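Colleague: Walk me through the labels on this model. I want the cut-off behind each one.

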Amino acid sequence: MKFHMQNIFTSYVKLFNGKLEKKEKEKTIKDLERFLLSARFKKLIDSPAMTPIRETLEKSFREIKVAHNKGEDAYTDYRVKNLISTCIACHSQLPSTAFKAVKKRKSYEKEEFHDRLNMALLLRDYEHASSILKNEVQKDIIRGKDFRAIETKLNLLTSIQLSKLNNKKKKLLNYLSSLKLHSNYTLLIDAYTGSIKKSLKRWEGIDISRISEKKLSKLLKKFLKPIEKTLSNIYFSTQKDIVTMAQMKSILSEFILLNPESKKIAEALYWRGAVENKYTALDTYSLGELYYKECISKYPQSPFAKKCYKNLKKSVEMGFTGSSGTHIPRAILLELESYKKLIK
């Protein structure tokens with residue numbers, strides 16, 4: 001497993017360092033395809049949480065090859081990023097008791113911050129990922145960066161530490177406490193820490209193990225439904241929302257994995273996609289669109305299929321919008337239309 005994931009990440013680094021000639025890029029794409037399609041976790045990957053991952057792989061590689069041969073670099077990169085997101089999301093959802101983290105490799109320590117971070121997340125080495133984030137925040141403090149940029153990294157650090165697979169609240173608060181010793185940012189980091197502590201108190205006494213349908217409904221009503229509009233826009237989230245999304249992301253993932261026949265799967269996929277899309281940061285690519293697609297294709301008669309399509313369309317448009325406007329590749333427009341036709 002360790003060697004396998006290293007090969008996947010090596011291909012990923014090569015594809016995004018911006019230095020590949022066309023033939024070398026083509027070979028690297030083929031290598032990535034070979035490594036990804038040899039992955040084995042069949043029982044898990046057949047669950048509703050993982051089927052969008054499995055079904056995306058072969059289809060995406062076909063489209064990637066066609067786009068690459070046509071010279072459509074933007075579309076090629078878009079598809080490859082989705083594939084990398086499936087690896088990160090898949091591994092982050094595997095039960096930690098059954099699948100241990102792969103230890104970090106020194107050979108990747110010379111890579112840039114984003115690549116080192118993604119490597120740690122890909123290998124499910126959350127402590128190393130947290131250490132990378134903390135060190136980068138310290139560098140940002142020394143550089144005098146705008147606190148909003150620092151806060152983005154603190155939000156991801158919070159998410160990693162509050163993951164149900166990790167769930168180390170004390171360690172998170174210790175991380176934040178050590179960072180606030182830097183005088184120029186003491187008040188800002190202290191305020192951030194205070195907000196996190198206050199938000200965590202909302203979860204005290206709530207048992208988040210083995211979530212039933214009834215308990216999931218109560219948690220959705222209390223924590224996610226009040227911020228549904230916030231989840232569908234690109235505006236800044238409060239620390240209260242960050243904690244809520246980190247906790248609910250883990251709860252929804254486990255519920256979907258353990259209850260594949262539940263009548264609430266369509267709703268769970270909708271919320272899982274909404275949280276995933278909102279919480280994406282620092283080039284840790286979002287899997288939200290794939291959860292929306294899974295909901296639409298498997299539960300087209302559910303009222304949540306319409307909500308998923310609305311969010312899917314918005315997410316795609318945002319992904320292809322820049323200073324020159326919105327330019328969505330024809331292949332993706334056709335794909336969107338195909339999902340729209342499925343809804344009953």
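Modeller: Contact first: heavy atoms within 4.5 Å. By that rule Leu154, Leu157, Thr158, Gln161 and Leu162 in H8 meet Lys169, Lys171, Leu172, Tyr175, Leu176 and Leu179 in H9. The model is predicted, so local features need pLDDT of at least 70 and side-chain atom pairs count only at pLDDT 80 or more, while totals for chains, interfaces and linings use all residues. Residues are numbered from 1 along each chain as its sequence is written, and side-chain values use heavy atoms, leaving out hydrogens and water.

Colleague: Why are H8 and H9 called roughly antiparallel?

Modeller: The axes of H8 (residues 147-162) and H9 (residues 169-179) cross at roughly 155° and come within 8 Å. Axes are lines fitted to C-alpha atoms, for helices over the stretch in contact, with angles from 0 to 180 degrees between N-to-C directions. Angles over 145 degrees count as roughly antiparallel. H8 and H9 are therefore roughly antiparallel.

Colleague: What makes Lys313 buried, exposed or partly exposed?

Modeller: Its relative accessible area is 34%. Buried means under 20%, exposed over 50%, partly exposed in between (1.4 Å probe, protein chains only). Lys313 is therefore partly exposed. Lys313 is found in helix H16, where Phe304, Ala305, Cys308 and Tyr309 are among the buried residues.

Colleague: How do you know what span is expected of H16?

Modeller: The expected span is 1.5 Å times one less than the number of residues. H16 (residues 303-319) has 17 residues, with 24 Å expected. H16 reaches 25 Å from its first C-alpha to its last, close to that value.

Methods. Helices (H or I, at least four residues) and strands (E, at least two) are DSSP runs, numbered from the N terminus. Angles under 35 degrees count as roughly parallel, over 145 as roughly antiparallel, 65 to 115 as roughly perpendicular and the rest as oblique.
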